[in-house]
Amino acid sequence: MDHQAALASLFLPEGRLDPYPAYDVIRAHAPVFEAFDGRWFVTTHALTSRLLRDPGLRVADAADYDAFWPDWRQNRGVASVVLSMLQTNPPDHTRVRRAAAATFTARRVAAMRDVVAGQAEDLIEAMPSRTDFMSAFAYPLPIGVICALLGVPETDRAWFRQRAADLTVVLEPISTDEEMRLADVAGRDLEAYFTDLIKDRRRAPREDLTSALVAAHDDAPGAGLTGEELLANLVLLLVAGFETTTNLLGTGIQILLSHPGQADRLRADPDLASAFVEEILRYDSPVQLTSRFTTGPLDLGDGVRLGDGAELTLLLGAANRDPARYPDPHRFDPDRPNIQPVSFGGGAHYCLGAPLARLEAQVAFPMLLTRLPRLSLAGTAERRDRLVLRGYATLPVTTD
């Protein structure tokens, strides 16, 4: 299989089940190469890390969508993503990110540890002896944590699960008309919910992230968030905070249970959790790729020089298993020195919720292994058919 065939396989369901052999072929061809009518694909850890932090690159924003899809705002799932900080460039991105970061602080995240632990313990106690891990734990824990952070009542949390899952299809390069219709419905439902929540927090602020973001909008006209940005970023925080962490938890427990010796180590020494989580992120990233555009000439080395407006697809999953950065990259090894996965991006668009995702995984994995010492895989797991967001739809386990 040559690199073009390997790349094409990623756009087929069977290729997406295990993209890593294709990544190996692509990476062996070149650190960066052109395909698909002028799109450039980046495969190595060194170049991916550099480009993620390059201030001369930008993301596709509302102006880009206006050019190739004038009616994109009519799909409210798409609008929720495009109008959020995820798809915004400076100076607007700088202003919005600053306002969000001032509320989504390290102190606020650290204070969530007891909430995470309490919710994880409740879910473990309620887990049936034979169950789908995704439904019993990997979905409800992050949705419960992000909803607690945002101040969403516990009675409403189950309502969010399918809507958040439906909306994430807009992050994928491949989707059906029906999936996009469901994303629109989900976007409208979530916008309506958060519009009401914003009104409620204006009347009666609380100690939650929604109240803090409303204050950032109301107290700093022109410097904080616009009303449209406030709404879009609340939707983003919910969806992004739920989906990627769900994938991290499901993939992580599958990896641990497939490596019983490593699971025993973590069970015996929960202080190893941080290193284990970083290796899980490297070994099978919940986000497999991201895109950037040049804003001027860009020298990529090896005689490759791009002009303005070139599109770069950064294959995060390939970079995380680059043998030039990680010897024997297909081996799960939490003892690797200096593990630095690119799974959460980098630079100005580094994932704002990365510390919370790491916290949830660091708390959850040791607790699952110690409270459920006989936890094991049972039956056939089913992958979600996604190119960008990699994770399981179902993951059968047994606890006895």
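Which helix gives the most to the lining of the second largest pocket? The close-ups below take that up, starting from a model that is predicted.

**View 1. The second largest pocket and the helices around it.** Helix 11 is the one to look for: with four residues, helix 11 gives the most to the lining of this pocket. Helix 9 (113–125), helix 11 (140–150) and helix 12 (157–167) each put in at least two residues. The space inside comes to about 280 Å³. Of the 13 lining residues, Leu123, Pro140, Ile143, Gly144 and Arg157 sit nearest the centre.

**View 2. Strand 3 against strand 5.** Strand 3 pairs with strand 5 (residues 289–294) in the antiparallel sense, over two bridges. To find your bearings, pick out Leu57, which stands opposite Thr294 in strand 5.

**View 3. Arg386 in its loop.** Arg386 belongs to the loop that runs between strand 10 (382–383) and strand 11 (392–394). Is this arginine, Arg386, buried or exposed? Arg386 counts as buried, because its relative accessibility is 16%, and the cut-off for buried is under 20%. Setting aside neighbours within four places in sequence, the contacts of Arg386 are Arg16, Val169, Glu172 and Glu179.

**View 4. The largest cavity.** The count comes to two cavities of 30 Å³ or more, and the largest holds about 60 Å³ of space. Its lining is made of Leu10, Arg16, Pro19, Tyr23, Gln288, Arg386, Leu387 and Arg390. By class, that's four nonpolar, one polar and three charged residues.

**View 5. The second largest cavity.** This one has a volume of about 30 Å³. Arg16, Arg383, Arg384, Arg386, Arg390 and Gly391 form the lining. You won't find a nonpolar residue in that list: the lining divides into no nonpolar, one polar and five charged. Look again for Arg386, which lines the largest cavity and the second largest cavity.

Notes: Residues numbered from 1 in each chain as written. Predicted model: local features only at pLDDT ≥ 70, side-chain atom pairs only at ≥ 80, totals over all residues. Heavy atoms only, no water. Pairing = 2+ DSSP bridges. 1 Å grid on protein atoms, 1.4 Å probe; cavity = no way out; pocket = protein on both sides within 12 Å on 5 of 7 lines; lining within 4 Å. Points joined across faces, edges and corners; volume = space filled by probe spheres on them. Buried < 20%, exposed > 50% of the residue type's maximum accessible area, 1.4 Å probe, protein only. Contact = heavy atoms within 4.5 Å. Nonpolar A, V, L, I, M, F, W, Y, C, P; charged D, E, K, R; others polar.
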